[in-house]
Amino acid sequence: MKKTNVTKAIVSAMIMGSLVFGLAACGDEEKTTEATTVATTSEETTTATTEATTAATEAKKTEATTAAKTEAKKTEATTEAKTEAKTEAKTEAKADSSALTPKNLEGTYSESSAGRGQMKVTEEGDSYCIEVNWSSSANESSRWLFHGNFDANGVLTYSDCLKQTITFDENGKDTTVEDYTNGSGSITWNNGTITWKDNQENVADGSKFVK
């Protein structure tokens with residue numbers, strides 16, 4: 001009878017120990033689960049933060065690249081505009097240099113071969129006065145005087161040419177003789193060069209005069 005009671009007591013103690021161990025183990029499992037949950041949440045937060053940082057960095061890179069491309073396009077456009085402006089200015093300058101204007105037409109031109117003749121072009125009202133002086137020797141020279149207008153091709157045709165011959169004696173005294181008053185011919189202006197054609201005596205023989 002005593003043995004039975006002892007046996008029951010031992011069994012009861014073992015059962016109670018198992019219950020206590022079970023409760024303790026259950027508590028540890030809950031704590032472990034809670035710790036695991038916290039760790040997982042922390043890892044997710046770190047991952048989200050990293051992703052956000054990476055996204056922000058990529059956004060800044062994209063923004064910087066876009067800004068650089070925009071500046072490059074602006075620079076390229078500015079360069080092209082400057083180049084076009086320079087080209088246009090050069091073209092206009094060339095056009096002006098060959099334009100039929102009093103500024104370009106007027107002036108004194110010298111015969112390009114021997115340099116013994118000179119032609120002076122002067123604007124007079126609605127037309128131009130042309131005076132040509134040509135020395136044939138030390139004591140003799142000729143003078144032509146005529147008028148006209150240049151057409152769109154730079155050609156001036158005349159028919160009122162006055163020609164004079166001037167001679168000098170040994171004392172330097174000059175004598176002027178009028179040769180004719182109705183001489184005809186033409187002069188052609190081309191970008192600063194004048195070509196003279198004389199119909200009366202063919203004295204010009206296509207001579208060229210330059211400024």
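Tyr109 stands opposite Met119 in strand 2. Strands here, like helices, are DSSP runs numbered from the N terminus (E, at least two residues, for a strand; H or I, at least four, for a helix). The model is a predicted one, so to speak of local features takes a pLDDT of at least 70 and side-chain atom pairs count only at pLDDT 80 or more, while totals for chains, interfaces and linings use all residues. Numbering starts from 1 along each chain as its sequence is written, and side-chain values rest on heavy atoms, with hydrogens and water left out.

Strand 1 (residues 107-111) and strand 2 (residues 117-124) run antiparallel, joined by 4 bridges; two strands are taken to pair if DSSP finds at least two bridges between them. The hairpin they make has 5 residues between the strands, and in it Gly115 takes a positive phi near 75°. Strand 1 also has strand 8 (residues 208-210) as an antiparallel partner, this time through 2 bridges. Glu111 has Phe209 of strand 8 as its bridge partner.

Zooming out, the protein chain comes to 2 helices and 8 strands. Read from the N terminus, the order is α-α-β-β-β-β-β-β-β-β. Of its 211 residues, 20% count as buried, where buried means under 20% relative accessible area, exposed over 50%, and partly exposed in between (1.4 Å probe, protein chains only). The accessible surface is about 14,800 Å², with 54% of that belonging to carbon and sulfur atoms; such areas come from the Shrake-Rupley method with a 1.4 Å probe, and for residues only the protein chains shown count as cover. As for contacts (heavy atoms within 4.5 Å), 35% of those between residues at least 6 apart in sequence join residues at least 24 apart.

How far can the model be trusted? The mean pLDDT of the protein chain is 75, and 61% of its residues reach 70 or more; pLDDT is the predictor's confidence in each residue, from 0 to 100.

Now for the rings. A search of the whole structure turns up 6 aromatic pairs. Rings of Phe, Tyr and Trp (its six-membered ring) pair if their centres lie within 6.5 Å, and planes under 30 degrees apart count as stacked, over 60 as edge-to-face and the rest as tilted. Tyr128 and Phe150 make an edge-to-face pair, at 5.3 Å centre to centre and 75° between the planes. Tyr128 sits in strand 3 (residues 127-137) and Phe150 in the loop between strand 4 (140-148) and strand 5 (155-168), so this pair ties together parts that are 22 residues apart in sequence. Both Tyr128 and Phe150 are buried.

Trp144 and Trp196 have ring centres 5.3 Å apart and planes at 80°, so they too are edge-to-face. With Trp144 in strand 4 and Trp196 in strand 7 (residues 193-198), the pair links distant parts of the chain, 52 residues apart. Both Trp144 and Trp196 are buried. Ring pairs also gather Trp134, Trp144, Phe146, Tyr158, Trp196 and Phe209 into a cluster.

Strand 7 holds Thr193 as well. Thr193 counts as partly exposed, because its relative accessibility is 24%. Leaving aside residues up to four places away in sequence, Thr193 touches Thr188, Lys208, Phe209 and Val210. Thr193 and Ser112 are 81 residues apart in sequence, yet 9.4 Å apart in space, C-alpha to C-alpha.
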